[in-house]
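Visitor: Could you walk me through this model and tell me what the labels rest on?

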Amino acid sequence: MIGTGYVGLVTGACLAEQGNHVWCVVIDEDKISRLNAGIVPIYEPGLEDIIKRNVSQGRLKFTTDTKEAVKNSFFVFIAVGTPPDGNGNADLKYVLQAAQNIGACMEGYKIIAIKSTVPVGTSYKIKTIITEELTKRGRTDIDFDVAFCPEFLKEGSAVDDFLSPDRIVIGTENDRTSAFLRELFSPYVQREPRILTVSISSAELIKYAANAMQPTRISFMNELANFCETVGADIEEVRRGIGTDKRIGPAFLYAGVGYGGSCFPKDVKALIRSAKEKGKDLSILQAVESVQAFSATLARRIEAEDTIVVNLRYRSGALGSINVTTLTYPKNLEGSITILGEKGTVKIGGIALNRIDTWEFDQPHPMDKEVEQANTNPTSVYGFGHLDFYSHVIEALKGNINGVVEGREGRKTVEIIQAAYQSALSGGQVKPCAMPR
Ligand SMILES: NC(=O)c1ccc[n+]([C@@H]2O[C@H](COP(=O)([O-])OP(=O)(O)OC[C@H]3O[C@@H](n4cnc5c(N)ncnc54)[C@H](O)[C@@H]3O)[C@@H](O)[C@H]2O)c1
């Protein structure tokens, strides 16, 4: 077992429980003594006992030496992580590294079975890497087969899921590999023959499809819940009403904060990205992600807003956008207003709108000189404007001066803020002027 994390440890331990001799490759030496002592880094009911029992009976061994593990094994499983990279693709560096390590030390026929969740085509890449490593070593005489065996365990019931799975999917290229893997897994599905043998590409996609279908149901329910609020229906009643339909079923029909966990968000994203790379848009899944992004924010009962982006279209046709966040660490980088016009451009920036960064017009203007003096250097995000502002308000209230912004004009700002909330709730476009007054 290359990779002794969540999947690798559960798979290794449960395979040993069935009487197989299993070597688990661990990167961190310290982890080995803890695992040998039955100290399990994850909480999974039943796992600790299985590990202790199989370690003490000599069927489950932990090592940092890939060569030792590969030498002693007929099946070599790859169960390393495939976290998202910066773009949401599955980062394959651990998987490809594992393949290289296997190719560098393999001495005889092996079945390389991939358990990590990977985009379609990755198993063939793994095959190519192993072949290249064998060629480098002048060992093209060594035969091997690659298979893809997706893992469907749920964190929290992983042992039960492994020992009595709904189904086992085996993706292979030939009958020989399929027969060996069926024999390995058949004890877990003895009561019902639920082993599906499919092509490697289908198996790779089955895993992503399973992890995308459940979020799809969740996002669907969240979108409906939103609509329920608008029309006065009760999403719980709707859930019961549709969940009892056998064709729909009750699982993953709860509206709430959306989907989470270690796999759903990353796998939905990775599937969308991998399709995009092949020139295909998975539009339903893109919608699932947008509903998720929206629901996750809505359901978070935060006391203050953190981030908002508003796109505005003025009656005149002009476009504007507002981006605000209070999540700035350790201090504001900038508060800015940018106005782009046909005859000039102005950008006021700085941490507190304290600096005129750009002031450019096609014609000179009397204010140009004043602008040169306008930059200040405040010590905090509050700038120096508040005092001036308050004294101005006081003077206006006393009737000594006119306010810079008159009440009716100021109300437009409040309407825009209100419209932003309204749009967040409805998920659609809103017209500030149509807001209830
Ligand atoms: N956790 C789940 O619920 C779950 C369920 C189904 C599928 N999966 C998929 O299974 C894969 C593994 O997930 P996980 O949750 O077990 O990840 P994990 O991060 O818990 O474990 C991965 C392990 O691989 C080790 N590793 C990395 N490179 C290695 C190498 N070259 N040699 C040996 N060990 C190496 C890491 O040290 C780590 O311990 C992922 O692709 C994931 O998407 C996870």
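Predicted model: local features only at pLDDT ≥ 70, side-chain atom pairs only at ≥ 80, totals over all residues.

Visitor: Why is Thr177 called buried?

Guide: Buried means under 20% relative accessible area, exposed is over 50%, and partly exposed is in between (1.4 Å probe, protein chains only). Thr177 has 0% relative accessibility, so it counts as buried. It sits in helix α8, residues 175-185; helices (H or I, at least four residues) and strands (E, at least two) are DSSP runs, numbered from the N terminus.

Visitor: What is Thr177 in contact with?

Guide: Contact means heavy atoms within 4.5 Å. Leaving aside neighbours within four places in sequence, Thr177 is in contact with Ile111, Asp145, Ala147 and Thr172.

Visitor: What about Thr172, buried or exposed?

Guide: Thr172 has 10% relative accessibility, so it goes down as buried. You'll find it in the loop between β6 and α8. Not counting residues up to four places away in sequence, Thr172 touches Ala147, Thr177, Ser178, Leu181, Thr197, Val198, Ser199 and Ile200.

Visitor: How do you know that β6 and β7 pair, and in which sense?

Guide: Two strands pair if DSSP finds at least two bridges between them. β6 and strand β7 (residues 195-198) have four bridges, in the parallel sense. In that pairing, Ile170 stands opposite Thr197 in β7. The chain gets from β6 to β7 through α8, and this β-α-β crossover is right-handed.

Visitor: What makes a crossover right-handed?

Guide: Point the strands away from you: a crossover is right-handed if the path from the first strand over the helix to the second runs clockwise.

Visitor: Which residues cover the two faces of β6?

Guide: In β6 (residues 168-171), Ile168 and Ile170 lie on one side, Val169 and Gly171 on the other, and all are buried.

Visitor: Why is β5 called largely enclosed?

Guide: Five of the five residues of strand β5 (residues 144-148) are buried, so the rest of the structure largely encloses it. Phe144, Val146 and Phe148 are on one side, with Asp145 and Ala147 on the other.

Visitor: How many bridges join β4 to β5?

Guide: Strand β4 (residues 110-114) runs parallel to β5, with five bridges joining them. Lys110 stands opposite Phe144 in β5. Here too there's a β-α-β crossover: the chain goes from β4 through helix α6 (residues 122-136) to β5, and the crossover is right-handed.

Visitor: What makes β10 and β12 edge strands?

Guide: β10 (337-340) and β12 (355-361) each pair on one side only. They belong to an open sheet of three strands, in the order β10-β11-β12 with antiparallel pairing. Between β10 and strand β11 (residues 344-349) there are four bridges, and in β11 the bridge partner of Leu340 is Thr345.

Visitor: Why is Leu353 called partly exposed?

Guide: Leu353 has a relative accessible area of 41%, so it is partly exposed. It lies in the loop between β11 and β12, and has a positive phi of about 50° although it is not a glycine.

Visitor: And why is Phe252 called partly exposed?

Guide: Phe252 comes in at a relative accessible area of 34%, so partly exposed is the label. Its phi is near 55°, a positive value in a residue other than glycine. Look for Phe252 in the loop between α10 (235-243) and α11.

Visitor: How do you know that α11 is close to its expected span?

Guide: The expected span of a helix is 1.5 Å times one less than its number of residues. Helix α11 (residues 264-277) has 14 residues and reaches 20 Å from its first C-alpha to its last, close to the 20 Å expected. Its buried residues include Phe264, Val268, Leu271 and Ile272. Just after α11, Gly279 takes a positive phi of about 80°.

Visitor: Why is Asp28 called partly exposed?

Guide: Asp28 has a relative accessible area of 36%, so it is partly exposed. It is in the loop between β1 (22-25) and α2 (29-36).

How values were computed
Residues numbered from 1 in each chain as written. Heavy atoms only, no water.
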